[in-house]
Amino acid sequence: TEDWEVIWRWQWFRRALWLDHFRDPSHPEGRPARIAAVWDWILREHGAHRVLDSAAGIGMRAVLLSEAGYDVVGADGGAAAIEHARELATLCEREIPFHVCKWADLGDLFQDEFDAVINDEMAWLTSRSELRFTVQSLFTVLKPGGVVAITVHHF
């Protein structure tokens with residue numbers, strides 16, 4: 001967790017390099033835009049509107065999905081990430097609620113309110129039991145018929 005706090009603070013520090021480009025899939029700093037198309041396709045395929053980004057980081061994906069018309073909520077276990085996600089949403093003139101919350105605690109914060117939960121950081125889990133518990137936690141916040149979408153490859 002401490003390492004991630006440093007990473008998120010560093011990423012925010014270097015925002016002058018990516019802020020104008022994170023929406024551009026052809027730009028080297030446009031990785032969020034390149035993967036957003038995949039998330040958009042998955043969400044459209046499942047008719048999702050209200051979406052929880054459960055690995056929100058500093059909020060770039062949540063901003064892109066909000067701009068695409070989704071009702072997005074962001075959550076991340078890192079306080080620095082969420083602090084900067086809120087700042088990014090404000091800079092981008094998006095009203096996106098962000099919460100400091102570990103995956104295991106999502107059910108304490110939300111109940112049956114999302115059409116979809118997305119996550120692209122499951123590769124950091126270290127055991128089958130941790131994976132099983134985490135996925136079960138993600139499912140607790142879904143509406144009936146909702147979908148959990150997980151990717152592990154970064155474009």
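**Helix α3 and its neighbours**

In this predicted model, the buried residues of α3 pack against β1 (50–53), α4, β4 (114–119) and β5 (142–150).

Me: Which residues of α3 are buried?
Reply: Pro32, Ala33, Ile35, Ala36, Trp39, Ile42 and Leu43. Buried here means under 20% relative accessible area.

Me: Why is Ala37 called partly exposed?
Reply: Ala37 is found in helix α3. Its relative accessibility is 49%. Exposed would need over 50%, and buried would need under 20%. The value falls in between, so Ala37 counts as partly exposed.

Me: Which residues meet where α3 packs on α4?
Reply: From α3 come Pro32, Ala33, Ala36, Trp39, Asp40 and Leu43. From α4 come Met60, Arg61, Leu64 and Leu65. Eight of these contact residues are nonpolar, none are polar and two are charged.

Me: How do you know that the span of α3 agrees with its 15 residues?
Reply: At 1.5 Å a residue, α3 should span 21 Å. The end C-alpha atoms of α3 are 22 Å apart, which agrees.

Me: What comes just after α3?
Reply: Gly47, with a positive phi of about 65°.

Key: Residues are numbered from 1 along each chain as its sequence is written. This is a predicted model: local features need pLDDT of at least 70, side-chain atom pairs count only at pLDDT 80 or more; totals for chains, interfaces and linings use all residues. Side-chain values use heavy atoms; hydrogens and water are left out. Contact means heavy atoms within 4.5 Å. Helices (H or I, at least four residues) and strands (E, at least two) are DSSP runs, numbered from the N terminus. Ala, Val, Leu, Ile, Met, Phe, Trp, Tyr, Cys and Pro count as nonpolar, Asp, Glu, Lys and Arg as charged, and the others, Gly among them, as polar. The expected span of a helix is 1.5 Å times one less than its number of residues. Buried means under 20% relative accessible area, exposed over 50%, partly exposed in between (1.4 Å probe, protein chains only).
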